[in-house]
Amino acid sequence: MTAVYIILAIAAALFLLSLLRVGVHIAFGDELRVTALAGPARIQVLPKPDKPKKEKPAKEKKSEDGKKKEKKLSLTAENIRTVLPAVWESLKKGLRATRRRLRIEPMRVSAVLAGAIDPAGAAELYGYINAGMWTVMPQLEKLTRMPDPRIHTEIDFDASELKVSGEVGLSFQIRDFFAIGWAFTRPLLRWFMAMRKRKKAAIRAKAAEERAAARDEHQASEQGAEHTTT
């Protein structure tokens, strides 16, 4: 019976832990400030609190030959465009599983687009942002608790740099994190495998073209040599 009590106690502790509300508060603009939330606790992540610097032991520098080159996954604009619908559908599915326990407060964002260099491009971007906002925001308000969202965008045709400021707070229960993560897993894996397949097919096609070009060049050189000897 003791083992049963221990198992029940562990299960109860894990269940209570899953109900703990965690989150993050981000303020951006002139300075980026990030605060992590865990129940009543507040932990400042950025800017980092000042700490006494510790002297680190000197490390030997590795030669260039000894360094291993890391393979980087290159993402093109086409890859990003194809993944966005999958991300959005997965996000909606995960948010439905949370039953509106995810809370977004505050939500205050102001974006001033720079139109001095490329007015037409800034106007086009302004249209895309507003179209996306009016598409996404109503869905988010249905799937989450967002008491007072305030998002403002405008174009400054005298400005040459984008200016974004505001603050966003996001909080949820730990169990909601797993629900959203599970909703993301399958569609993102399918997208990743499809992207890898397209990339391999493109590499094979390019290699075949190079082989065909080399073969044609070799045949042309042989024909030229035959004409020369005759």
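**Figure 1. Arg108 and its salt bridge with Glu167 in this predicted model.** Let's start with Arg108, which counts as partly exposed because its relative accessibility is 36%. The side chain of Arg108 meets that of Glu167 in a salt bridge, with 2.2 Å from N to O. This pair links distant parts of the chain, as Arg108 sits in strand 4 and Glu167 in strand 6, 59 residues apart. Glu167 is partly exposed too, at 22% relative accessibility.

**Figure 2. A salt bridge between Asp176 and Arg101.** Here the side chains of Asp176 and Arg101 come together, with 2.7 Å from N to O. Asp176 belongs to helix 4 (residues 174-229) and Arg101 to the loop between helix 2 and strand 4, so the pair ties together parts that are 75 residues apart in sequence. Is Asp176 buried or exposed? Its relative accessibility is 0%, so Asp176 counts as buried.

**Figure 3. Glu31 and Arg33 joined by a salt bridge.** In this view the side chains of Glu31 and Arg33 meet at 3.6 Å, N to O. Glu31 has a relative accessible area of 45% and is therefore partly exposed. Arg33 is also partly exposed, at 36% relative accessibility.

**Figure 4. Strand 1 and its two antiparallel partners, strand 6 and strand 2.** Strand 1 covers residues 21-28 and pairs with strand 6 (residues 163-173) over eight bridges. To find your place on that side, look for Val22, which stands opposite Phe172. Six bridges join strand 1 to strand 2, residues 33-38. On this side, His25 stands opposite Thr35. Strands 1 and 2 form a hairpin with four residues between them, and Gly29 in the turn has a positive phi of about 150 degrees.

**Figure 5. Arg99 and Arg100, with positive phi at Arg99 and at Arg100.** Arg99 has a phi of about 55 degrees, and Arg100 has one of about 60 degrees. Arg99 lies in the loop between helix 2 and strand 4, and Arg100 is found in that loop as well. Arg99 counts as exposed because its relative accessibility is 69%, whereas Arg100, at 38%, is partly exposed.

**Figure 6. Cis peptide bonds at Pro47 and Pro106.** Most peptide bonds are trans, so these two spots are worth a look. Leu46 and Pro47 are joined by a cis bond with omega of about -10 degrees. Pro47 sits in the loop between strand 3 (41-46) and helix 2 (77-98). The cis bond between Glu105 and Pro106 has an omega of about 0 degrees. Pro106 is part of strand 4, residues 103-114.

**Figure 7. A nonpolar patch on the surface.** Five residues make up this patch: Ile6, Ile10, Leu14, Leu17 and Leu20. Together they have about 450 Å² of accessible area. Ile6 lies in helix 1 (residues 2-18), and is partly exposed at 47% relative accessible area.

**Figure 8. Residues 66-73, where pLDDT stays under 50.** How many contacts beyond four places in sequence does the model have for residues 66-73? There are three. For the protein as a whole, the mean pLDDT is 80, and 82% of residues reach 70 or more.

Note on methods: Residues numbered from 1 in each chain as written. Heavy atoms only, no water. Pairing = 2+ DSSP bridges. Patch = residues over 30% accessible without salt bridge, like charges linked within 9 Å, V, L, I, M, F, W, Y side chains within 5 Å. Areas by Shrake-Rupley, 256 points an atom, 1.4 Å probe, with all protein chains shown as cover. Salt bridge = Lys/Arg side-chain N within 4 Å of Asp/Glu carboxyl O. Buried < 20%, exposed > 50% of the residue type's maximum accessible area, 1.4 Å probe, protein only. pLDDT = per-residue confidence, 0-100. Contact = heavy atoms within 4.5 Å.
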